[in-house]
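Here is a short tour to follow in a viewer.

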Amino acid sequence: MTPGRRFRIYLLEARFQFVEVLREPMFAIPTLAFPLIFYLFFGVIMGTRGVSLAVPTYVLATYGVFGVLGPALFGFGAGLANERDTGVLLLKQTTPMPAGAYLFAKVMAALIFGAVVVAALFLMAAHAAGVALYRWQWFALAGVLLAGVIPFCALGLTIGAWARGRSAVAVVNLVFLPMAMLSGLWLPIYMFPDVMQDIALALPAYHHAQLALKVIAMDAGQPVPTHLAVLVAETLAFLAVAALGFRRADSFSMRRSR
Amino acid sequence: MQARQAHAPSLARLSRVTHRYGPVLALDGLDLEVRSGEVLGVLGPNGAGKTTAISLLLGSLQVQEGVASVFGLAPGAPEVRVRRGAMLQISGISANLTVREHVELFRAYYPAPLSASRLMAMAGLEGLARRRYGKLSGGQKQRVMFALALAGDPELLFLDEPTTGLDVDARHRLWSEIRALRESGRTTVLTTHNLDEADALADRVMVIHNGRRIAEGTPAEIKSRTAGRLVRCVTRLAPDAMASLPGVVEARTRGQHLEALTTQPEVLVRELLARDEGLADLTVVAAGLEEAFLALTKDTP
């Protein structure tokens with residue numbers, strides 16, 4: 001395959017993946033609208049009542065994590081499970097489509113949706129809530145938030161590799177909302193009982209949120225390498241578990257449709 | 001392609017292929033050959049192993065035992081993928097993309113695709129380009145799948161139960177499209193559990209059952225094997241004694257009964273009555289194509 005055609009396939013696959021998800025209200029509403037509505041309410045309306053801008057600044061980082069987490073889990077995880085279930089993936093695997101293009105498209109779609117949410121949050125924060133950050137902080141915060149696509153897509157891949165079709169949406173919801181809460185994305189983690197704080201230490205969204213909060217000097221004070229190490233280790237673990245799931249599926253997938 | 005008429009070389013083949021899903025034996029030493037330019041009908045009841053055979057030739061299943069090759073290469077090889085198209089039994093593609101978008105995406109996968117307008121015309125999708133896949137009727141959806149299978153202008157086409165779930169009109173429309181492909185020199189492997197479909201389309205038919213090949217030939221040959229009457233009776237005569245009579249396709253014992261499939265039931269019945277005075281419980285069933293086909297594929301206990 002020529003590099004030009006390969007590039008075109010990657011591009012088209014990503015474009016149609018994006019368009020497909022955009023046209024799905026079941027996806028677009030919870031993943032795009034929820035973080036923005038939360039920010040409007042807790043960040044702009046409630047958060048600006050006090051003297052300090054601590055609340056709108058804090059939730060800018062954590063809702064940003066929430067906004068990147070949603071598309072990765074719903075688009076990648078539930079989307080992949082659905083496409084394996086309907087057989088789209090099976091059909092595409094018989095074509096010359098490079099497998100990388102499929103994964104690339106899913107990651108890109110998650111990244112673009114995440115970027116749209118982050119951009120909208122930034123606009124609301126800067127103009128409606130009056131959050132003031134140094135320019136480097138805006139850029140660093142955006143970069144940290146969007147980098148979360150990598151561990152979260154790996155988690156989505158794991159769910160997509162193990163859960164089947166419709167049950168994947170339920171699994172994603174069971175992961176998405178509790179993890180968001182336990183990672184301190186809605187309320188700061190120091191407001192939780194100790195047990196819940198211990199659970200947070202195991203969650204990728206917690207470590208990602210701490211990195212984002214580090215940029216605005218509102219994190220819990222653990223060192224950056226700790227967060228990075230946990231995120232890298234968990235990403236690798238997700239990928240390994242996903243690979244196991246695909247291998248298991250290979251030997252069973254034809255049973256139902258022989 | 002040039003040598004098609006002269007030698008009809010083999011384009012794809014399964015040799016002594018055995019395949020298991022856990023404890024379930026799906027293919028049992030199956031041999032299958034696809035010759036250039038033909039429409040090969042792979043016929044069998046549900047669960048016979050047809051889809052497993054196709055999946056091995058598509059490279060979407062790994063070969064466990066035996067050899068699978070397409071164009072002399074491994075079925076999953078990149079060089080194979082660009083020359084082959086497939087229509088699988090899948091429940092659908094993205095409902096949110098339009099027909100045109102699906103076609104555009106699949107065309108991009110191939111180095112020398114057919115033009116979008118040609119594909120739409122070949123699959124009878126004119127006027128539906130902007131319609132979302134999810135809004136199409138069952139027949140229209142199948143035609144989109146057909147267009148996607150043809151996107152790369154394939155030499156070899158696999159159609160796995162292409163007309164399942166279609167009404168008579170949609171089925172006949174797809175049939176004429178498959179015939180048109182044959183006229184254009186393409187090779188097609190078609191699986192079906194519908195004998196009429198194989199009869200209408202195939203140059204050669206292979207009947208598989210329980211993962212084994214039980215019959216192979218032109219549709220006329222298969223029909224002559226399966227047409228006729230099913231004669232059943234309780235007799236002391238052995239099936240072997242019946243098998244040599246004119247018209248008898250197959251004779252076997254099932255439980256207490258002797259069963260014989262024959263194209264000349266009068267000859268058989270006369271002979272049975274003459275040889276065994278104690279013969280009882282005689283029935284002669286007019287076996288239609290489907291019934292006779294089922295009789296052929298029924299297990300001997």
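This is a predicted model. Start in chain A by selecting helix α3, residues 54-86, and helix α8, residues 165-182; the two pack at an angle of about 165 degrees with their axes 8 Å apart. Angles over 145 degrees count as roughly antiparallel, and α3(A) and α8(A) are therefore roughly antiparallel to each other. Their crossing is right-handed.

Now show the side chains between these helices. On α3(A), the residues that meet α8(A) include A:Phe66, A:Leu69, A:Leu73 and A:Phe74. Across from α3(A), α8(A) contributes A:Val169, A:Val172 and A:Phe176, among others. Coloured by type, the residues of this contact divide into 12 nonpolar, 4 polar and 1 charged.

Next, go to where chain A touches chain B. The contact takes 24 residues from chain A and 30 residues from chain B. On the chain A side, α1 (3-22) and α4 (88-93) each supply at least two residues. Select α1(A) here: it gives the most to that side, with 8 residues. The chain A side divides into 10 nonpolar, 6 polar and 8 charged residues.

Finish in chain B with its open sheet of 3 strands, in the order β2-β1-β4 with antiparallel pairing. The edge strands are β2 (24-35) and β4 (65-70). From one strand to the next, the twist averages 15 degrees. Strand β1, residues 10-21, pairs with β4(B) over 5 bridges; pick B:Thr18 to find its bridge partner B:Glu65 in β4(B). Last, select helix α2 of chain B, residues 50-58, which packs on the sheet and touches β1, β2 and β4.

Definitions and conventions:
Residues are numbered from 1 along each chain as its sequence is written. Chains are lettered from A and ligands numbered from 1 in the order in which they are written. This is a predicted model: local features need pLDDT of at least 70, side-chain atom pairs count only at pLDDT 80 or more; totals for chains, interfaces and linings use all residues. Axes are lines fitted to C-alpha atoms, for helices over the stretch in contact, and angles run from 0 to 180 degrees between N-to-C directions. Helices (H or I, at least four residues) and strands (E, at least two) are DSSP runs, numbered from the N terminus. Angles under 35 degrees count as roughly parallel, over 145 as roughly antiparallel, 65 to 115 as roughly perpendicular and the rest as oblique. A crossing is left-handed if the near helix is turned anticlockwise from the far one by less than a right angle, and right-handed if clockwise. Two residues are in contact if their C-beta atoms, placed from the backbone, lie within 7 Å. Ala, Val, Leu, Ile, Met, Phe, Trp, Tyr, Cys and Pro count as nonpolar, Asp, Glu, Lys and Arg as charged, and the others, Gly among them, as polar. Two strands pair if DSSP finds at least two bridges between them.
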